[in-house]
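Subject: Structure for your review

Dear colleague,

Please find below the structure that I am handing over to you.

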Amino acid sequence: MPLLAALQSLPNQFCGEGINHEDQTFTGCLHWQALPGQRALLLHYTASGTDGEILHRETTLLGYLPDGTLCLWPVMDELPYVLAHPAIRQAEGGHGVLEVVFASGPRSLSEHFRQEITIRVEANGQLLYAQAWGEPNGSFEDRSHCRLSPVAGTA
């Protein structure tokens with residue numbers, strides 16, 4: 001099942017616990033919103049520390065490139081620009097798991113900032129939202145992940 005359809009088959013709001021690149025525990029919340037024509041979604045994601053401080057915030061467009069490749073365009077506090085993240089891997093497990101990895105560029109392109117965002121839809125309706133990145137001339141590593149469950153009472 002395509003990721004857009006899989007997300008639209010689920011409630012539109014999720015929250016859960018995660019760990020960021022500084023080993024801080026946080027509460028992550030993701031809310032998706034269908035755009036006209038059902039061809040794209042907006043994903044709103046926020047990570048809040050145990051004291052309520054916003055640690056990370058992003059709004060991401062999830063849609064298709066003209067060649068049919070699924071792509072993310074995240075707008076986040078930490079970056080002063082928007083990088084397209086085309087899907088580089090998609091896997092559907094035999095147990096109803098769908099995982100898509102989006103990348104702003106090759107991990108080996110160390111002279112630039114590069115990032116991968118992984119969205120995994122579990123058979124039980126939970127989501128994994130994970131980010132890996134490398135700063136220019138820095139190592140590329142898994143940095144943050146959050147396991148999200150549907151929020152009761154959402155559409």
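The notes that follow cover the fold, the cysteines and the pockets.

Please bear in mind throughout that this is a predicted model.

The fold

The strands form a closed barrel of 10, running β1-β2-β3-β4-β5-β6-β7-β8-β9-β10 with antiparallel pairing. On average, neighbouring strands of this sheet are turned by 25 degrees against each other, direction ignored.

Strand β1 has two partners that I examined. It is joined to β2 by 7 bridges, and the two run antiparallel; within this pairing, Gln13 has His31 in β2 as its bridge partner. The hairpin of β1 and β2 has 5 residues between the strands, and Asp23 takes a positive phi near 60 degrees there. Strand β1 is also joined to β10 (residues 141–150) by 6 bridges, again with an antiparallel run. In that pairing, Glu17 has Arg147 in β10 as its bridge partner.

The side chains along β1 alternate between two faces.

Strand β2 in turn pairs with β3 (residues 41–49) in the antiparallel sense, over 9 bridges. Here the bridge partner of Trp32 is Leu43 in β3.

The cysteines

A search of the whole structure finds 1 disulfide. This disulfide joins Cys15 to Cys29, with an S to S distance of 2.2 Å. The pair links distant parts of the chain, 14 residues apart: Cys15 belongs to strand β1 (residues 13–19) and Cys29 to strand β2 (residues 25–34). The link is right-handed, with 110 degrees about the S-S bond. Both ends are partly exposed: the relative accessible area is 23% for Cys15 and 27% for Cys29.

Cys146 is buried, with a relative accessible area of 0%. Cys71 is buried as well, with a relative accessible area of 0%.

The largest pocket has a volume of about 310 Å³. It is lined by 19 residues, and those nearest its centre are His21, His56, Glu78, Gln131 and Trp133. The elements giving two or more residues to this lining are β3, β4 (54–64) and β9 (127–134). The largest share, 3 residues, comes from β9. By type, the lining of the largest pocket divides into 9 nonpolar, 7 polar and 3 charged residues.

The second largest pocket holds about 200 Å³ of space. Of the 13 residues that line it, Thr118, Ala130, Gln131, Ala132 and Asp142 are the closest to its centre. Two or more lining residues come from each of β7 (98–103), β8 (114–121), β9 and β10. Strand β10 gives the most, with 4 residues. The lining of the second largest pocket divides into 3 nonpolar, 4 polar and 6 charged residues.

With kind regards

Conventions
Residues are numbered from 1 along each chain as its sequence is written. This is a predicted model: local features need pLDDT of at least 70, side-chain atom pairs count only at pLDDT 80 or more; totals for chains, interfaces and linings use all residues. Side-chain values use heavy atoms; hydrogens and water are left out. A disulfide is a pair of cysteine sulfur atoms within 2.5 Å. Buried means under 20% relative accessible area, exposed over 50%, partly exposed in between (1.4 Å probe, protein chains only). Two strands pair if DSSP finds at least two bridges between them. Axes are lines fitted to C-alpha atoms, for helices over the stretch in contact, and angles run from 0 to 180 degrees between N-to-C directions. On a 1 Å grid over the protein atoms alone, a cavity is a set of points where a 1.4 Å probe fits but cannot get out, and a pocket is an open set with protein on both sides within 12 Å along at least five of seven lines; lining residues have an atom within 4 Å of a point. Grid points are joined across faces, edges and corners, and a volume is the space filled by probe spheres set on the points. Ala, Val, Leu, Ile, Met, Phe, Trp, Tyr, Cys and Pro count as nonpolar, Asp, Glu, Lys and Arg as charged, and the others, Gly among them, as polar.
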